[in-house]
Amino acid sequence: MKAVLAGSAATLLLGLAAPHATADSGPAAKPAPPAPSAPSDAARGAAHDAAEAPKTLDTLSRFFAREGAVTKAAAEPRVAGDKAVPVYYLSPDFVAGKKDAPVARMEFLASKAVSSDGQEASLWSVRQAGSWKIVNIATGDDETHYARVGADKLPGGTVFHEPQINGWYVTKGARVLPLDKDAVRAVGAQGTSTDAYRKRVQKAYGDKLPGSAYAKSGKAGGYSEEPAAESAKAGGAPESASSSSSDGAVTVASTVAGAGALVALGLSGAALLRRRSRRLS
């Protein structure tokens, strides 16, 4: 996996050091949260079809050729697999401690694309106006990679992302296990209980939820109140790294926003911008 965050850019994710939580091998103090809702096979197939559409493949060719590694004509992008994978993010309802809130919620579906010279990209799909559409192209294959890693580590679990620290986890029942070094720093190599994880994220982000003084202060908006897949419909200009607040925003739009602009195939999707995205001219 290529590192996608470097230098000062990483500080824009949250601007706060996440409290370290040690592994908790004891039973959870509270009942395990339910698993989040999963997309249907039909939805995953439709998102994959959107990734393989001629317009998408043409844009992928330009994306892979953007830095001169390969020409647009020679890029010959292909989309791996036959279904897109669901991508879950840490849920603000879980952070708020709402009863029966899953740890994470689905934000979009992702498909892996590969060019003729081996470059990899992740295509993000959301449902808009009754159909699945590609709203972002990001370098690398984090979304599909960690879906595979999580399935191997904890079969039947839910893989999710805590974008504020760029951490990837898998959860099932009352356990949360880390999948990358950022998650290991947060919860320890052996993972933690969902209750201990809830306490950690509440401490880190609990004062930045909707309705909080922090959110009302206008510091990049607090936590997004709707999934990115839905808020992408609202439109608006993408937020760039230069305009992101570095003092602790907890929104999908701001924590996922990056130095590059949205590659949206003519669609607006400000909430689905990735730090590892690149602008197409």
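**Close-up views of strand S6 and its surroundings**

**View 1. The hairpin of S6 and S7.** Four residues lie between the strands in the hairpin of S6 and S7, where asparagine 166 takes a positive phi near 60 degrees. The model shown in this and the following views is predicted. Strand S7 comprises residues 167–172 and runs antiparallel to S6, to which it is joined by five bridges. Within this pairing, threonine 158 has threonine 171 of S7 as its bridge partner.

View 2. Strand S6 spans residues 158–162, and five of its five residues are buried, so the strand is largely enclosed by the rest of the structure. In a regular strand, side chains alternate between the two faces of the sheet. Both faces of S6 are covered: Thr158, Phe160 and Glu162 are buried on one side, as are Val159 and His161 on the other. Strand S2 (residues 85–90) runs parallel to S6, and two bridges join them. Opposite phenylalanine 160 of S6 stands tyrosine 88.

View 3. The model contains eight aromatic pairs. In one of them, phenylalanine 160 and tyrosine 197 have ring centres 5.7 Å apart and planes at 70 degrees; the pair is edge-to-face because an angle over 60 degrees places it in that class. Phenylalanine 160 belongs to strand S6 and tyrosine 197 to helix H7 (residues 194–205), so the pair ties together parts that are 37 residues apart in sequence. Both phenylalanine 160 and tyrosine 197 are buried.

**View 4. Helix H5 and its cover.** Helix H5 (residues 142–153) has 12 residues and reaches 16 Å from its first C-alpha to its last, close to the 16 Å expected at 1.5 Å a residue. Asp142, Glu143, Thr144, Tyr146 and Gly150 are the buried residues of H5. Their cover includes S2, strand S3 (104–114), strand S4 (120–128), S6 and S7.

**View 5. Two loop residues with positive phi.** Glutamate 76 is not a glycine, yet it has a positive phi of about 45 degrees. This glutamate lies in the loop between helix H3 (72–75) and strand S1 (78–79). Glutamate 76 is exposed, with a relative accessible area of 57%. Alanine 129, likewise not a glycine, has a positive phi of about 50 degrees. The loop that holds alanine 129 lies between S4 and strand S5 (131–139). Alanine 129 counts as exposed, at 76% relative accessibility.

**View 6. Arginine 66 over an aromatic ring.** Arginine 66 lies over the face of phenylalanine 63, at 4.1 Å from the ring centre.

**View 7. The protein chain as context for the close-ups.** The protein chain has 10 helices and nine strands. Of its 281 residues, 52% count as buried. Among contacts between residues at least 6 apart in sequence, 61% join residues at least 24 apart. The chain exposes about 12000 Å², of which carbon and sulfur atoms supply 52%.

How values were computed. Residues are numbered from 1 along each chain as its sequence is written. This is a predicted model: local features need pLDDT of at least 70, side-chain atom pairs count only at pLDDT 80 or more; totals for chains, interfaces and linings use all residues. Side-chain values use heavy atoms; hydrogens and water are left out. Buried means under 20% relative accessible area, exposed over 50%, partly exposed in between (1.4 Å probe, protein chains only). Two strands pair if DSSP finds at least two bridges between them. Contact means heavy atoms within 4.5 Å. Accessible areas come from the Shrake-Rupley method with a 1.4 Å probe; for residues, only the protein chains shown count as cover. The expected span of a helix is 1.5 Å times one less than its number of residues. Rings of Phe, Tyr and Trp (its six-membered ring) pair if their centres lie within 6.5 Å; planes under 30 degrees apart count as stacked, over 60 as edge-to-face and the rest as tilted. A charge sits over a ring if NZ of Lys or CZ of Arg is within 6 Å of the ring centre and within 35 degrees of the ring normal.
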